[in-house]
Amino acid sequence: MWTLANKSFEDTIESYAFANKVFSDEEIEKIIKIGKSKEAKKALVGGGNSTANNKIRKGKTAWITPCEDSEWLFRKLTDIIVKVNKDFFNFELHGMLEPLQFTIYDGKKTKYDAHVDRVKNSTSRKLSVVVQLSDPKDYEGGCLELFPSSLEPIEVEKKKGLITFFPSYILHRVKPVTSGKRLSLVIWVHGPSFR
């Protein structure tokens, strides 16, 4: 028989965290330049069996892999991810096993409806990271929203350079961009399966 101690249960895993001023304006421009140098294609949905589905997702993506031009970016991302994971999530992580996703939401109601980043029958994404690259003056709509524990979303501040961290099992969405262009960088950090 189990007895409960007279203590409240405290979960040490946060639902989300933010970091600001990690990248300078010059570094953000370098990230955008690297992203724009890659071939952007219609954004897909579904991991290994990806398909285009404009009802769920409308936008474009390009992929940034480690190379001489992006080595600094991977190093800087690794440093901040290690620190934030230690302070807020304490997940066992292996690293970034996928290329970085440079996302382009270019007006015309481009969006990504509510979804989670965990992909069935795929590598284990544990931590999702979103770097906002665009100045909020450059677009309307396009808010990133997180649904950590209720039907009411948490709207992430639209701020150039803001980095949002959350477990990959958290429901989230990018609301439609109604005008202008929203650029972001999405990173998935992998680790062994949750137990």
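Two strands are taken to pair if DSSP finds at least two bridges between them. Helices (H or I, at least four residues) and strands (E, at least two) are DSSP runs, numbered from the N terminus. The model is a predicted one, in which local features need pLDDT of at least 70 and side-chain atom pairs count only at pLDDT 80 or more, while totals for chains, interfaces and linings use all residues. Residues are numbered from 1 along each chain as its sequence is written, and side-chain values use heavy atoms, with hydrogens and water left out.

Strand pairing is described first. Strand β3 (residues 57-58) pairs with β6 in the antiparallel sense, over 2 bridges. Within this pairing, R57 has Y112 of β6 as its bridge partner. Y112 also stands opposite V174 in β12. Strand β6 (residues 110-115) is joined to β12 by 3 bridges, and the two run antiparallel. H115 has H172 of β12 as its bridge partner.

Strand β9 (residues 144-147) runs antiparallel to β12, with 4 bridges between them. Here L146 stands opposite H172. Strands β8 and β12 form an antiparallel pair with 3 bridges. In that pair, Y139 faces G180 of β12 as its opposite residue. Strands β5 and β12 are antiparallel too, over 6 bridges. I104 stands opposite L183 of β12. Between β7 and β12 there are 7 bridges, again in the antiparallel sense. S128 has W188 of β12 as its bridge partner.

G141 sits in strand β8 (residues 139-141). With a relative accessible area of 27%, G141 is partly exposed. The classes are set by relative accessible area: buried is under 20%, exposed is over 50%, and partly exposed lies in between (1.4 Å probe, protein chains only). Residues up to four places away in sequence aside, G141 touches K158, P176, V177 and T178. Contact here means heavy atoms within 4.5 Å. G141 and T178 are 37 residues apart in sequence, yet their C-alpha atoms are 5.6 Å apart in space.

A nonpolar core is a set of buried Ala, Val, Leu, Ile, Met, Phe, Trp, Tyr and Cys residues joined through side-chain atoms within 4.5 Å. In soluble globular proteins, nonpolar side chains tend to be buried together. The largest core in this model has 32 residues. F23, L77, I81, L133, F165, L185 and I187 have the most contacts inside this core. At least two residues each come from β1 (17-19), α1 (25-36), β4 (60-64), α2 (71-89), β5 (100-106), β7 (125-132), β11 (163-167) and β12 (171-190). Helix α2 gives the largest share, 8 residues. I187 is in contact with L77, I81, M96, L100, L127, S128, V129 and V131, leaving aside neighbours within four places in sequence. A second, separate core has 15 residues, among them Y139, V156, I170 and V174.

Charged pairs complete the description. Side chains of opposite charge can pair when their charged atoms come close. A salt bridge is defined as a side-chain nitrogen of Lys or Arg within 4 Å of a carboxyl oxygen of Asp or Glu. The structure holds 8 salt bridges. One of them joins E27 to K76, with the closest N and O atoms 2.8 Å apart. E27 lies in helix α1 and K76 in helix α2, so this pair ties together parts 49 residues apart in sequence. E27 is buried, at 18% relative accessible area. K76 is partly exposed, at 24%.

A salt bridge also forms between E98 and R125, the closest N and O atoms being 2.8 Å apart. E98 is in the loop between α2 and β5, and R125 is in strand β7; the pair links distant parts of the chain, 27 residues apart. R125 is buried, with a relative accessible area of 11%.

R173 forms a salt bridge with E145, with the closest N and O atoms 2.6 Å apart. R173 lies in strand β12 and E145 in strand β9, so the pair ties together parts that are 28 residues apart in sequence. R173 is partly exposed, at 26% relative accessible area. E145 counts as buried, at 4% relative accessibility.
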